[in-house]
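Have a look at the structure first, then read on.

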Amino acid sequence: MNAAGFEDRLSDGMTLAIGGLGLQRKPMSLIRRVVDSGVTDLRVVTYLGSVDVEFLIAAGVVAEVHSAGVGMDGFGLAPAFRRARQTGSIRFVEWSEGSLMSALEAGARGLPSMPTPTDPRSDVVHGEWLRVAPDPFTNQEIVIARALEPDVAVVHAAGVDDQRNLYCHGDLGVDGLMVRAAATSVASASVAVAFDAPGVAISGMWIDDVVVDPTATWPTGCEPDVLIDLATMSTWAAGTGDDVTGLVP
Amino acid sequence: MSDLDLILAVMSREIGRATAGEPPLRVLAMTSNASMVAGEMARAAGADVRISVGFTRHEGRPRPALGLGAAALGFDGTPVAPPSDTFVLLRRGWVGVFVSPAQLDAACRTNLSRVGGTDDAPAVALPGSRGLPENNTSPSHVWYLVPDHSARVLVQAVDFVSGPTPRPGPTRRLVTRLGMFDYSDGNWRARGLMPEVAPEDVVAATPFEVGDLDSAPRLAPTTPAELAAIDAVDPGRISHFDLGRPAAEMAPIIAEERRR
């Protein structure tokens, strides 16, 4: 399993959804393949981003980032993301955790939008993706999230079986919503495993292709078997975030 | 015993108190190593509280780690839940969460998006609002963990409203190196001062008014049992990095990790 046709799914300007959370389970090998393919002007959707966003921004292929937060967890702020926001070289569409979840849910269900438990008084509520509207039944002002429908979703799992079912030890985040909202989804997995029905986190029917690679998340982790490369994270966070080689194995 | 251990102890006592609240705290959201350690301390003291290790597993037994993410080991057997459960729990008031905004203001609004500049070109870009726009409006327990009690974080008005002024709830409490402070009815009031902290220390460090400073009781020092609980779950004091421990001290921890 090496996802040989992955690059054929990519295109300039596409909406790329990236699974994982923070420094865990980022499908970094697939992200590097996205950059190597030469596509540009990407709209990136990541629930809680870190080096996934950093790598893409440093590679110069990002037009827009949708996220509830991009950072380096205990290592501090994300340097490439910070510089890009401060210089305006990318557009940051800031979501809240709840609203981004609702937007993916709407995309997954084929709805144009979905109400979300976000406070209408928050500054994240902006005109293009989040709007305030009266509830049609109670007239109460609520926030509505516009649907997000990624062209491609990339996720990483601890294990995959021969039916492309994915297995996850830790928090699954919104990976399940992403693959349901996306037109096509490709997964990397640390190891191949035997089928185990109760352990399936994401059904193989949502996954179109898979690559098995125990190093696929580097430098992020896939606990408990693959640990975060703390030295690389520390070095990247302390730097300027403009040299992609710092995130290439 | 360090001052930072006392902050952990105060957090754990708060968790214990909230489990008996109305509505009761049932699930602690693990937003940092400090909140995780405080949760385990509260459990060691007998509190009935689950620790959520993310959006889909709400009963975990995590361990402190520099790269926090979804570092959850030793589940209590609960299956993966839909991510929307996070917000179902929040709306029921069952969640307790320690948030650490970059700015917190006189009206209890929070900011984790930017400082200065504009939305399109911030002077200082921060990670993003995370769950702050939902936390402050929920009936759940919200603590604002701001170890650096100073005008750098506590401001008259935030530059960006991530979390608006909270609607009334069971807990709207600020925890800092100087003490605990509640927000209600548009006012901040002291609920307890750390040992050795005088009311004038709070006045000097806070750019907005804080009431009840003279009548606020002293918070109890860390007990031997609390220290033992910290030692059991976080002997290396990784949680202290969330409370102001210098980042330069991470190096030996990283070196040890590389040897594993």
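This is a predicted model: local features need pLDDT of at least 70, side-chain atom pairs count only at pLDDT 80 or more; totals for chains, interfaces and linings use all residues.

Residues are numbered from 1 along each chain as its sequence is written, chains are lettered from A and ligands numbered from 1 in the order in which they are written, and side-chain values use heavy atoms, with hydrogens and water left out.

Let's start where the chains meet. On the chain A side, 48 residues are in contact with 47 residues of chain B (contact means heavy atoms within 4.5 Å). About 3,900 Å² is buried between the two chains, 59% of it from carbon and sulfur atoms; buried area is the accessible area (1.4 Å probe) that two parts lose on being put together, summed over both. Arg85(A), Arg121(A) and Asp171(A) supply 16% of what chain A buries against chain B, more than any other three residues.

Three salt bridges are counted between chain A and chain B (a side-chain nitrogen of Lys or Arg within 4 Å of a carboxyl oxygen of Asp or Glu). One of them pairs Arg167(B) with Asp119(A), with the closest N and O atoms 3.5 Å apart. Elements of chain A that each supply at least two residues to the side touching chain B include β2 (42-48), α3 (79-87) and α6 (230-238); helices (H or I, at least four residues) and strands (E, at least two) are DSSP runs, numbered from the N terminus.

Now the rings. Over all chains there are six aromatic pairs. Rings of Phe, Tyr and Trp (its six-membered ring) pair if their centres lie within 6.5 Å; planes under 30 degrees apart count as stacked, over 60 as edge-to-face and the rest as tilted. Two of the pairs:

| Pair | Centre to centre | Angle between planes | Type |
|---|---|---|---|
| Tyr47(A) and Phe55(B) | 5.1 Å | 85° | edge-to-face |
| Phe81(A) and Phe92(A) | 5.0 Å | 85° | edge-to-face |

Tyr47(A) sits in strand β2 of chain A and Phe55(B) in a loop of chain B, so their pair joins two chains. Both Tyr47(A) and Phe55(B) are buried (under 20% relative accessible area; exposed is over 50%, partly exposed in between; 1.4 Å probe, protein chains only). Phe81(A) in helix α3 and Phe92(A) in strand β4 are eleven residues apart.

Finally, Ser190(A) lies in strand β10 (residues 184-192) of chain A and is buried at 8%.
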